[in-house]
Amino acid sequence: MIGRLALVTAASTLAAGAAMAQSSGNWTGFYGGLQLGYIDVDTSVSGVDGDGAIGGIILGYDYDLGDWVVGGGFDYDWTNIDLGPATVEDVWRIKVRAGYKVNPQGLLYGVGGYADAGTDNLGSDDGWFIGAGYEQIVAPNVSIAGELLYHEFDNFNSSSVDVDATTLQIRAAYRF
């Protein structure tokens with residue numbers, strides 16, 4: 001039994017090393033993928049809040065500067081968060097990010113930009129967001145990431161209601 005465990009451990013280590021060796025750690029290029037996670041929405045109106053699932057598509061471009069990576073992107077997420085008087089149906093973002101390579105395949109980054117949230121009957125409104133994430137190249141041209149974002153929408157659609165939202169999502173991308 002111990003012999004089998006040692007053999008499986010050795011094979012796993014060699015496979016992981018081979019996969020990492022195939023990934024050059026060059027982050028320059030376009031990417032596209034999917035994300036899925038959780039959203040928590042709060043408003044300035046007492047008792048009007050909600051949470052649930054969120055998910056969508058990601059598109060972007062990164063440029064590798066050596067130890068640092070900069071980039072921009074676009075996210076579009078669908079959701080169905082019932083807040084009582086309205087339901088949040090979607091959120092889209094235009095984002096910029098900058099990060100430090102903690103190893104050739106691992107990127108710790110900060111992100112921020114413009115966001116727009118849409119509802120079923122109160123229209124949509126623009127705001128801003130800021131956050132952080134970690135992305136890891138796991139195979140040639142494939143990366144996974146975790147990202148935490150905080151959003152603010154002040155005076156949502158001239159309603160005198162302030163809305164903030166926090167998202168936590170897992171992302172998977174194919175890098176071109």
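Predicted model: local features only at pLDDT ≥ 70, side-chain atom pairs only at ≥ 80, totals over all residues.

Visitor: Okay, Gln169 then. Buried or exposed?
Guide: Gln169 is buried, because its relative accessibility is 2%. Gln169 is part of strand β8, residues 163–175. Strands here are DSSP runs of E with at least two residues, helices are runs of H or I with at least four, and both are numbered from the N terminus.

Visitor: Which side chain does Gln169 make a polar contact with?
Guide: That's Gln35, and the polar contact between the two side chains is 3.2 Å. A polar contact is a pair of N or O atoms within 3.5 Å; within protein, one must be able to donate a hydrogen and the other to accept it, and residues adjacent in sequence count only if both atoms are side-chain atoms.

Visitor: What else does Gln169 touch?
Guide: Leaving out residues up to four places away in sequence, its contacts include Leu36, Ile54, Asp77, Arg93 and Glu147. Contact means heavy atoms within 4.5 Å.

Visitor: Switching to rings. How many aromatic pairs are there?
Guide: The count is 8 aromatic pairs. Take Tyr174 and Phe176: their ring centres are 5.1 Å apart and their planes are at 75 degrees, so this pair is edge-to-face. The rule is that rings of Phe, Tyr and Trp (its six-membered ring) pair if their centres lie within 6.5 Å; planes under 30 degrees apart are stacked, over 60 edge-to-face, and the rest tilted.

Visitor: And how accessible is Tyr174?
Guide: Tyr174 is partly exposed, at 41% relative accessibility.

Visitor: Which residues form an aromatic cluster?
Guide: Phe74, Trp92 and Tyr114 form one.

Visitor: Last topic: what's up with the phi of Ser158?
Guide: Ser158 isn't a glycine, yet its phi is positive, about 60 degrees. Ser158 sits in the loop between β7 (142–153) and β8, and is exposed at 67% relative accessibility. Ser160 lies in the loop between β7 and β8 and has a positive phi of about 65 degrees, though not a glycine.

Key
Residues numbered from 1 in each chain as written. Heavy atoms only, no water. Buried < 20%, exposed > 50% of the residue type's maximum accessible area, 1.4 Å probe, protein only.
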